[in-house]
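The entries follow the order in which I looked things up.

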Amino acid sequence: MSTPHASARSDRTLTVWTPEDKAFWETEGQAVAKLNLWISVPALFLAFAVWQLWSVVAVNLPMMGFKYSTNQLFWLAAAPALSGATLRIFYSFMVPVFGGRRWTAISTASLLIPAIGIGFAVQDPTTPYPTMLVLALLCGLGGGNFSSSMSNISFFFPKERKGSALGVNAGLGNLGVSVVQFLSPIIISVGVFGVFGGESQTIVNKAGQQVEVWAQNAAFVWVPWIVIATVAAWFFMNDIADAKASFAAQAAIFRNKHNWLMCLLYLGTFGSFIGYAAGFPLLIKSQFKDVNPLAYAWIGPLVGALIRPVGGWLADKLGGARVTFWNFVVMAAAVVGVLFFLPKTTGSMWALPFGPHEGSFTGFFLMFLVLFLTTGIGNGSTFRMIPVIFLNLKTQSAPRNDELAQAVAVKEANTEAAAVLGFTAAFAAYGGFFIPKSYGSAIAATGGPELALLTFIGFYVVCIVTTWWFYARRDAEQPC
């Protein structure tokens, strides 16, 4: 068997791929799978960094002479979340159509468009707003990459390792969110690209001092790494022949209720992660006016991203449903903690349960760290559940003593699970828009974010019941 596998790797297409076969996995499969994973991780990291560029770029535009209204700036920050979530729907089905290697290289290379475009656009204060909005929407290309990346990696690993592998891919990829928020204020303060990076801009900081910045660096800094990741994906990753499938074959997931149930649960985990990451700075600024939100905003996403592989590992060891169930319980409790530590003014409708008080930023921040921690763990555990659910569904319906039927069932399960991984990621990404918007709507309607937070608690209760009924209880329909 070694000769066909070796020749398959030479042309980057794996004509035989059986990771559930332990002998194959130990002798050949594991090394190939790990190589693809460790190229996928930086590519996904860069995708998240580009997706979140506007969360830092938009902040400095008014100081640089751009005459955009507050509402226009809000849409520049929100547009990548909307386009990224929508693109994920289509990206969910691309790997079986084009192949994982080809699509990873193509989708990574596409990040050059917004990165280079933003780098040039921010140097000219007369850049029309529609141009900026188009560039913001193009940053959604980075958001879309997550669905195809997770779909691709799911094909490479056996069932008992999928949770850990997907957790590593997503967790280290998610680091792009916190790194772009942490790195951008530093990189724009130095002319690191010399004559190739363009002229500096002069802004007036909060202290009233004139400061030179190179705002374009926030985008240009990612360009060489995108090129390197694209080349690595094209020349060193693999396509899997058995992973090929038409859109029609993958569309079977829309008739399966477990696709929609997992969309709900992943909205509760990843949707919360990306939504809290997007809304955290604004929430701090609105509730604790003496605190600099930029000093704390990046820490929560960092914690959530780093813990995600642990969530996948725990799910592999203890069971995805069990970890997910208790994770949602802790998430609901943490939101109660956030409610308690928020400031309550005299006469506020929210002062009744706790009484008026100034709030505690320390308690508020720690409760949000718990939330980010649990969103990361839940991200890993829910993504471990999906391949197991669909593998069980397919193999249980095939004759147990028919090896050919079982092999066909495994192939169909892997194809459908990959599509579900991508589609649930698309569905959940809308949390990046709706959570910050919920804060704003609640504050406008009641003077505080409490109504939004109470809604989140109610949603987590629904997730707890769903996880327990379908997956975690003794006689669950699909224990996983």
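Predicted model: local features only at pLDDT ≥ 70, side-chain atom pairs only at ≥ 80, totals over all residues.

**Entry 1**

Contact here means heavy atoms within 4.5 Å.

Residues are numbered from 1 along each chain as its sequence is written, and side-chain values use heavy atoms, with hydrogens and water left out.

Helix 14 spans residues 257-287 and helix 16 spans residues 320-341; I read a packing angle of about 40 degrees, with the axes 11 Å apart. Helices are DSSP runs (H or I, at least four residues), numbered from the N terminus. Axes are lines fitted to C-alpha atoms over the stretch in contact, and angles run from 0 to 180 degrees between N-to-C directions. Helix 14 and helix 16 are therefore oblique to each other. Angles under 35 degrees count as roughly parallel, over 145 as roughly antiparallel, 65 to 115 as roughly perpendicular and the rest as oblique. I recorded the crossing of helix 14 and helix 16 as left-handed, that is, the near helix is turned anticlockwise from the far one by less than a right angle (clockwise would be right-handed).

**Entry 2: helix 18**

I next took helix 18 (residues 361-397), which packs with helix 14 at about 155 degrees, the axes being 9 Å apart. Helix 14 and helix 18 are therefore roughly antiparallel, and their crossing is left-handed. Their contact has 22 nonpolar, 8 polar and no charged residues.

For helix 15 (residues 299-318) and helix 18, I found axes that come within 6 Å and cross at roughly 40 degrees. This crossing is right-handed. The contact includes Arg308 and Asp316 from helix 15, and Asn379 and Arg384 from helix 18. Its residues divide into 11 nonpolar, 8 polar and 3 charged.

**Entry 3: the two domains**

I took the bounds from the domain assignment, which gives domain 1 (11-245) and domain 2 (246-479); such bounds come from an automatic or database assignment. I found 42 residues of domain 1 in contact with 44 residues of domain 2.

How values were computed
Helix = DSSP H or I, 4+ residues; strand = E, 2+ residues; numbered from the N terminus. Nonpolar A, V, L, I, M, F, W, Y, C, P; charged D, E, K, R; others polar.
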